[in-house]
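Here's a quick briefing to read alongside the model. Have the sequence and the 3D view open as you go.

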Number of protein chains: 2
Amino acid sequence: MEQLVTSDFKLGIIAGGQLGKMLLLAASNWDIKTYVLDKDAHCPASTCCHKLVIGNQDNFEDVYRFGQQVDMLTFEVEHINIEALKKLKQEGKRIFPDPAAMEIIQDKGIQKQFFKDRGIPSAPFSLHANKLEVTDAVDSGQIRIPFVQKLRTGGFDGRGVSVVRAHSDLDKLLDGPCLIENLVDISKEISVIAARNARGQIRCFPTVDMDFNAGANLVERLVCPSSCDEATQERARSLAEKIIEALDFVGILALEFFVDTSGAVWLNEMAPRPHNSGHHTIESHVTSQYEQHLRAIFNFSLGSTALKLPSVMINLLGEEGFEGKVKYLGFTDCMAIDGVKIHLYGKKITRPFRKMGHVTILAKSLEEALQKAQEVKNKIKVIAW
Amino acid sequence: MEQLVTSDFKLGIIAGGQLGKMLLLAASNWDIKTYVLDKDAHCPASTCCHKLVIGNQDNFEDVYRFGQQVDMLTFEVEHINIEALKKLKQEGKRIFPDPAAMEIIQDKGIQKQFFKDRGIPSAPFSLHANKLEVTDAVDSGQIRIPFVQKLRTGGFDGRGVSVVRAHSDLDKLLDGPCLIENLVDISKEISVIAARNARGQIRCFPTVDMDFNAGANLVERLVCPSSCDEATQERARSLAEKIIEALDFVGILALEFFVDTSGAVWLNEMAPRPHNSGHHTIESHVTSQYEQHLRAIFNFSLGSTALKLPSVMINLLGEEGFEGKVKYLGFTDCMAIDGVKIHLYGKKITRPFRKMGHVTILAKSLEEALQKAQEVKNKIKVIAW
């Protein structure tokens, strides 16, 4: 058998943000040779890969040439030039997840249609070419307020989404091909991270509760184990398994669900890669989502997703009103709290709501973890010098 | 306050073996800029540091010049040119642990005298200039067989130690300045890893049992929690605290103890750095020994040493009879066992008994971990192509 570790085998990762960095740290434990494609020479992953290739993930030539340099390709983002991936695949390159699955997920419109076609419960939607078409549909009564608008491509980290609760919110509509979704009467948002290898083995991480920062539309706090009842968690897990199977997906697939006020579970959206809602797995689970992704794409047996300790994860976002060379306030104070695991991504410049790092808080009980997370949240701030 | 993370602050590490590599992976979580001094451009740490400086840790000029390039110096080995460290210290360089402590530990003769002067129980010993002096002392009846010979400097990974159980073993005596120790009637070998920061805060990791490979004199299996009774563990821990305090030590200090057949605890030796007997802390404890070392030298509060899950650690040693480009047998099989965490150091060449990696096995119960460790041991082999 081909040796993937301590060998000339090269794993290529598109791109080099924090997810790429954490994937590289997992790869380092097995001494996997790693190449990263990113447009920024100082990206978070730049310090832990074997080779950083400067290039744009949206550019056909950059992606195609990068793919030719490596033996296997994987991703930490979904917005990648899909034509280049298809050509590489055609030429025999091993690409996980498959470009066909990436193409479905890349476009939230196609994603929604995929859910609908397979009877996966997801909020009713309609597709529109641009902002004007949406306002026309509102005027004609075709779309009723309140609703959510999502750009079909390019949105991430809370960008590309607009919530319209009243007529006055129509100003906030984004321009471009988009989908309009009914607003679900959300009681809770939860996430399931599933993994599947090429042999078809599937394993899910325990469900987590996601608390959002309404302003930035970013996950603010993640709680594991989830407070949902077992039946709800089982429902989300079985939907996750159904979808990862239907996509013939290899790798980590992160699925975000709404639980509505009646207790029904709706699939919101998914990401074909390690996900913000799985950061805590590094310390709180036997296998991290990053190691699990590597296991899946290398077709190793998937690792145990058992919980070691209850955990709460909070994102370290750049404070509003600060932009420039990053400065961390309260870092030393937070280090004094037992069970606090700080991760800094190494971004040099902070901006409002930019994801600069995260903190996982471990404790014997979830109550203690929640209380300590609040302490951390009060103490640590990401500002500029 | 000076910002140590995401800044121009540079941490220098001498040298770049597996301990250096794992220290770097911990440093990466906080985005600490790291420089490594090693004579091998392909050393394990080479892939995860910001800058690798090629040089010899024994050479005054190499160490001195390396020290001038960084803001703080620390170590993953104890055999370092001490004169260079002293000069750097004199010039104001921050060095942790302190060269004075390193000097005591570097020389096993001085180390033993240090124990004796402070009333730390350690096997009775005598110092000798060379092999001839030892055989003369045996002939004259001054030294009685059985005994252990240890070279005062340079020994590590089981080298530099010779056990004389009968007259015929005298052939195996090593030449050079050495110490002769009475053979302790060993019932068990245990280890305590202690950490201390510059404020004097001390925290110890839970005691572990060390099972040795008698042939190679290397730790073969490490079991946590220890099977010793609480009183014995407390005795070892309090000795560890006494010594780390007496040395005014900052960083990780690993202490190996014998428990004799009467239950008495004897200090065997110590290492001023993260240690083989602490590898399991990466997955099985809230704080790893590597993170703890960084916390200590940066004068952060020390992290919780609470156990997450029982664990067994086994070293992956190069098989006897194989030398050359490394090949791992049974890697994929072992990955299929839940709770198995494989670490490969990235050494390209295997040699008999060379430390090529380690495996930590986590389980809900220690019994299960022990059984799985045996399975792993039977399956995984490090050979050459």
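**Cavities and contacts at a glance**

Searching the whole structure turns up 10 cavities of 30 Å³ or more. A cavity here is a set of points, on a 1 Å grid over the protein atoms alone, where a 1.4 Å probe fits but cannot get out, and lining residues have an atom within 4 Å of a point. Volumes are the space filled by probe spheres set on the points, with grid points joined across faces, edges and corners.

This is a predicted model, so local features need pLDDT of at least 70 and side-chain atom pairs count only at pLDDT 80 or more, while totals for chains, interfaces and linings use all residues; side-chain values use heavy atoms, with hydrogens and water left out. Residues are numbered from 1 along each chain as its sequence is written, and chains are lettered from A and ligands numbered from 1 in the order in which they are written.

**The largest cavity**

- The largest cavity comes in at about 740 Å³.
- It has 34 lining residues, and the closest to its centre are A:Asn29, A:Ile282, B:Asn29, B:Ile282 and B:Glu283.
- H1, H8 (281–284), H9 and E18 of chain A each give two or more residues to this lining, and so do H1 (18–28), H8 (281–284), H9 (289–297) and E18 (340–344) of chain B. Helices (H or I, at least four residues) and strands (E, at least two) are DSSP runs, numbered from the N terminus.
- By class, the lining has 16 nonpolar, 10 polar and eight charged residues. Ala, Val, Leu, Ile, Met, Phe, Trp, Tyr, Cys and Pro count as nonpolar, Asp, Glu, Lys and Arg as charged, and the others, Gly among them, as polar.

**The second largest cavity**

- The second largest cavity has a volume of about 70 Å³.
- Its lining includes A:Lys21, A:Thr47 and A:Cys48 from chain A, and B:Asp31, B:Cys48 and B:His50 from chain B.
- H1(B) gives the largest share of that lining, three residues.
- The lining splits into five nonpolar, four polar and two charged residues.

**Where chain A meets chain B**

- On each side, 46 residues take part: 46 of chain A are in contact (heavy atoms within 4.5 Å) with 46 of chain B.
- The buried area is about 4000 Å², with carbon and sulfur atoms giving 54%; this is the accessible area (1.4 Å probe) that the two parts lose on being put together, summed over both.
- There are 22 residue pairs in polar contact between the chains, both residues at pLDDT 80 or more. A polar contact is a pair of N or O atoms within 3.5 Å; within protein, one must be able to donate a hydrogen and the other to accept it, and residues adjacent in sequence count only if both atoms are side-chain atoms.
- On the chain A side, H1 (18–28), H9 (289–297), E17 (324–329), H10 (331–335) and E18 (340–344) each give two or more residues.
- E18(A) provides the largest share of that side, five residues.
- That side of chain A divides into 20 nonpolar, 14 polar and 12 charged residues.

**Salt bridges**

- Over all chains there are 46 salt bridges, each a side-chain nitrogen of Lys or Arg within 4 Å of a carboxyl oxygen of Asp or Glu.
- Six salt bridges cross the interface of chain A and chain B.
- A:Asp31 pairs with B:Lys348, the closest N and O atoms being 4.0 Å apart.
- A:Glu181 and A:Lys112 form a salt bridge at 2.7 Å, N to O. The pair links distant parts of the chain, E9 (178–182) and H5 (108–117), 69 residues apart.

- A:Asp31 has a positive phi of about 50 degrees without being a glycine, and sits in the loop between H1 and E2 (33–38) of chain A.
- The B:Phe96 to B:Pro97 peptide bond is cis, with omega near -5 degrees.

How values were computed. Contact means heavy atoms within 4.5 Å. On a 1 Å grid over the protein atoms alone, a cavity is a set of points where a 1.4 Å probe fits but cannot get out, and a pocket is an open set with protein on both sides within 12 Å along at least five of seven lines; lining residues have an atom within 4 Å of a point.
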